[in-house]
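Student: Hi! Could you walk me through this one while I look at it?
Tutor: Happy to, here it is.

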Amino acid sequence: MAKSIIRLRNVRKIYKMGSETIPAVGGVDLRIRQGEVCCLFGKSGSGKSTLLNLLAGLEKPTSGEIIFNKKHIERMSEDHLASFRQQYVGFVFQSYNLLPTLTALENVTLPLIFKNVPIEERKQRAMKMLKAVGLEDRAHHKPQEMSGGQQQRVSIARAFINNPQVVFADEPTGNLDTKTTYEMMDLITGLAKENNQTLVIVTHDMELADYADRIVVLSDGKIESITERTTQEEK
Amino acid sequence: MSIKDLLDMALRNLLKRKLRTFLTILGVVIGTTSIVVMVSIGLGMNQTFANQLSEWGSLQVIDVYSQNSNMYWGGNDEESTFEGEAPKLDDAAIAEFKLMDSVEAVSPVVDMYLKMQFDKYVADASIRGIEPAAMEALGFKVEQGRYLNGEDGKAIVLGADVMFYDPKLSWEMVYSTEPPEVYPLDETVEVSYDWNLGTRDADKSIKSTKFEVVGITPSGGMDGWSVYMPIAEAKKIQEAQLEWQEEMWGSSSSSSQKDKEYDRVMVKVDNMDDVRVIQQSIKDMGFRASSLTDQLDAMNETTKMLRVVLGAIGAISLVVAAIGITNTMVMAIYERTREIGIMKVIGASLRDIKLLFLTEAAFIGFGGGILGALFSLIMSKIINYFAMSQGGGGFSSYIPVWLYVGSIGFATVIGILSGYLPAQRAMKLSALSAIKTE
């Protein structure tokens, strides 16, 4: 069995809304393996997005341990988390989250700017990444001049530019049509497999599950089942 | 994040909202201008004083008197705590003054009132016997002809306002008629202690001394009423006068002359900054000393309050501008919440976020400071133009270089301070909730 890159131990997340407490994630134990495509599947309100945020260090658990590469990210300070994300993690969001005033190329370069990569090197790397997602001719367009699919490609390029160990994707195809969805999934899983990167996808779309090595089904903040898929079929 | 990227990104963010950035900068421009102009008026006032005082002599000259001199007029004398026997203001003391650092020239002064005759006219002359070589250094002015120099013997520089009159006329006549046109430059005048010089009552036993007029001072101020001659000649006349007085009235001469003590010694310091120091060390030696710098200090002290008030009025508008910057930056955070969140998620450190907002605020301050300095320059010119057209009257604006540099620096610091709170706030935004903001 491949070694695990993230381990969750009895992780709970409880939101407080006034006097009411809402348990979003209740006692989850889970291992994410190095290099796998793991799909967190569930209906809305099942706690899958919260779980993703916890895995990525965007939120702190109420209790439990989250160990990423032997490091307890639930104990990290904000500053630590920032450099941790910079080094190990990439994100793809449902709503792309590109900066509207920057061009595609600049959006892809942004993580490298925060990492202090010299300007020539980061331009080259960003251009290479845009080529990999098939958008080299759109490098100098702003997000609003591009289709949803194109915008999501830019955000995928941005997620992968830092060579992260894990890429988290939160409903990456939620705003896209079926054809584009398949293109996007081919692209993102292809990129991840190429460099043996781990991919964690949150979705409620059963079609996406076909791309996964493992499917974790969540319901009411708890793991309902884990399905192992030994071989990955090409679509 | 490198400084270049930081500046680049901050500038782009500001240019994205041109109107708002412009309006915020405008506030800083007004604030900076009001401070600079207000301060410049205060400084202009000081400069006008200094100019007015310098008409009365050099600001770098200290007048030294002995403790028992009755000529001392230097204001309050609280510092004169010298006890014991008063030192003599003699040649030995002068030699000591000459050895002090920053002392450029020293001259004893013999003051006398004598009669002067030119052609058929006479004048009452306030004679100042000085070291001829030091005349120029001591800050006296000559408009026509030349200064006295070390080789001069019987030469004088005549005050432009010294009034000649016909001694045969009665006083009423002198004052009711036009003064005669007398222009004795390069001519010879006679100087005497005989107060009846040029009249029928003139004392034949008194020999007058002939002097060549080598220069004429400008009109106005104290210089215009004086007649300068080499001190050696002045002493000769003084001694002759004393002997004559003894013969006439048999009175024993005042001891001070015999002891070769001077009434007054002028000390020229080679720069303004050291005047106070030298003046104090002369006082510490047991002499009394005064300079026009005392007057300047006193004047500056009186206007200090006014300058503080002017500065405060200017400062208020800069405070308003600072609030404007804070407001703009806080609004920018609301607008850019999502952007901040995205940057945090993709690896911007807390420091990066904070620096970005501080840099933007600093840019507003810096830009406002530069434009404000430029605008102040224009305002200052306008003020001086109107002040001149109304005859000067002591109201003017003066902006030294340090005020320009200081105001730009100050505006930048104000920008950074105003941006601090918003930057702190941006830094603390939770990445996740920021992203969720649609």
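**Domains, sheet and contacts**

Tutor: Let's begin with domains: the assignment for chain B gives domain 1 (3-53 + 302-436) and domain 2 (90-262). Keep in mind that this is a predicted model.

Student: What distance separates the centres of domain 1 and domain 2 of chain B?
Tutor: Taken over C-alpha atoms, the two centres are 60 Å apart.

Student: And what box do the C-alpha atoms of chain B fill?
Tutor: Roughly 115 × 55 × 35 Å, along the principal axes. The radius of gyration of chain B is 34 Å, whereas a compact globule of 438 residues would have one near 22 Å.

Student: How many helices and strands are there in chain B?
Tutor: Chain B has 12 helices and 11 strands.

Student: What percentage of its residues are buried?
Tutor: In chain B, 39% of the 438 residues are buried. As for contacts in chain B with a separation of 6 or more, 81% are between residues 24 or more positions apart.

Student: Switching to chain A. In what order do the six strands of the open sheet come?
Tutor: The order is β6-β7-β8-β3-β9-β10 in chain A, with mixed pairing. The edges are β6 (89-92) and β10 (222-228) of chain A; each has a single partner strand, so one side of each lacks a neighbour in the sheet.

Student: By what angle are neighbouring strands turned against each other?
Tutor: On average by 20°, ignoring direction.

Student: How do β9 and β10 of chain A run, parallel or antiparallel?
Tutor: Antiparallel, with six bridges joining β9(A), residues 214-219, to β10(A). To pick out one pair, Val217(A) has Ser225(A) in β10(A) as its bridge partner.

Student: Which helix lies across β6 and β7 of chain A?
Tutor: That is α5 of chain A, residues 148-160. This helix runs at about 170° to β6(A), and the β7(A) strand under discussion spans 166-170.

Student: Now the two chains together. How many residues are in contact?
Tutor: On chain A 20 residues are in contact with 17 residues of chain B.

Conventions: Residues numbered from 1 in each chain as written. Chains lettered and ligands numbered in written order. Predicted model: local features only at pLDDT ≥ 70, side-chain atom pairs only at ≥ 80, totals over all residues. Contact = placed C-beta atoms within 7 Å. Pairing = 2+ DSSP bridges. Helix = DSSP H or I, 4+ residues; strand = E, 2+ residues; numbered from the N terminus. Axes fitted to C-alpha atoms, helices over the stretch in contact; angles between N-to-C directions. Domains from an automatic or database assignment. Rg over C-alpha atoms; globule rule 2.2 N^0.38 Å. Buried ≥ 20, exposed ≤ 12 C-beta atoms within 10 Å, placed from the backbone.
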